[in-house]
Amino acid sequence: MAKVLVGVTGNIASGKSTVAQLLKDRGCALVDADVAAHELYQTNAELRLNLAQTFGEEVLSPSGEINRALLAEMVFSDKEQLERLNALVRPALFRQLHERIEALFADHDCVVVDAALIVEWGMADEMDLLVMVTAPEALRRERLMQRSGYTRVQAEQRIASQMPESDKAAKAHIVISNVGSLENLKEQITEIWREIMARRIASDTKP
């Protein structure tokens, strides 16, 4: 069968990573953009230097690692700072994501990219299938406060820093709502899986 690249996106605390993991459980390979970014902070000395020069030496721990919590506090309260961070990280992260996608397609017919910023990065058109996971803002705020221990202000800053859900949904092939139980979410995964299989078969039958 043909190979299919699936993007799973959604704003913070929407449950996109749960959806991506459920697709992995179905047999897709998974590329997690958050994991890739974390590894870049650990392994890319040039990036760490650029971050320290841009945001101050305080973003480096005594051992030379990026203090991600401090960096997050700096950028999520200031849109311009967030844009600076994205501009510094994006080129190296893009290279890493594309390298991983290419490597995984050597052994898998389906690769899922789990990333909140697929649309913002301009990667939506690269996806054979783009899935958008949604949840009401109030529910996402509550999840952030319970899951991550954020204050209400911290949770709202992170939500406000992202593109509106409606703008992302307009780019998606499939939009699913994550407001119910895990079983309800799994039922929606079944529909996504059918669409993945249909696209793999359709690609094979094209002249």
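Where is Leu60 found? Leu60 lies in the loop between helix H3 (45-55) and helix H4 (68-76). The model described here is a predicted one.

**Leu60 and its surroundings**

With a relative accessible area of 23%, Leu60 is partly exposed. Leaving aside residues up to four places away in sequence, Leu60 touches Arg48, Ala52, Glu65 and Ile66. From Leu60 to Leu49 the C-alpha distance is 9.0 Å, and the two are 11 residues apart in sequence.

**Helix pairs**

Two packed helices are described by the angle between their axes and the distance between the axes. The table gives these values for two pairs.

| Helices | Axes come within | Crossing angle |
|---|---|---|
| H2 (residues 33-43) and H5 | 10 Å | roughly 115° |
| H6 (residues 137-147) and H7 (residues 152-160) | 9 Å | roughly 125° |

The axes of H2 and H5 cross at roughly 115°, which makes H2 roughly perpendicular to H5. H2 passes H5 in a right-handed crossing. On the H2 side the contact is made by Ala33, Ala36, Ala37, Glu39, Leu40 and Tyr41. On the H5 side the residues are Leu85, Val89, Ala92, Leu93, Gln96, Leu97 and Arg100.

For H6 and H7 the angle is roughly 125°, and these helices are therefore oblique to each other. Their crossing is right-handed. From H6, the residues Glu137, Arg140, Arg141, Leu144 and Met145 take part in the contact. They meet Arg152, Ala155, Glu156 and Ile159 of H7.

**Aromatic rings**

How many aromatic pairs does the structure hold? There is 1 aromatic pair. The ring centres of Phe94 and Trp121 are 5.6 Å apart and the planes stand at 75°, so the pair is edge-to-face; planes over 60 degrees apart count as such.

Is Trp121 buried or exposed? Trp121 has a relative accessibility of 14% and counts as buried, because the limit for buried is under 20%.

Another ring, that of Tyr150, has a charged residue over its face: Arg158 lies there, at 4.2 Å from the ring centre.

Notes. Residues are numbered from 1 along each chain as its sequence is written. This is a predicted model: local features need pLDDT of at least 70, side-chain atom pairs count only at pLDDT 80 or more; totals for chains, interfaces and linings use all residues. Side-chain values use heavy atoms; hydrogens and water are left out. Rings of Phe, Tyr and Trp (its six-membered ring) pair if their centres lie within 6.5 Å; planes under 30 degrees apart count as stacked, over 60 as edge-to-face and the rest as tilted. Buried means under 20% relative accessible area, exposed over 50%, partly exposed in between (1.4 Å probe, protein chains only). A charge sits over a ring if NZ of Lys or CZ of Arg is within 6 Å of the ring centre and within 35 degrees of the ring normal. Axes are lines fitted to C-alpha atoms, for helices over the stretch in contact, and angles run from 0 to 180 degrees between N-to-C directions. Helices (H or I, at least four residues) and strands (E, at least two) are DSSP runs, numbered from the N terminus. Angles under 35 degrees count as roughly parallel, over 145 as roughly antiparallel, 65 to 115 as roughly perpendicular and the rest as oblique. A crossing is left-handed if the near helix is turned anticlockwise from the far one by less than a right angle, and right-handed if clockwise. Contact means heavy atoms within 4.5 Å.
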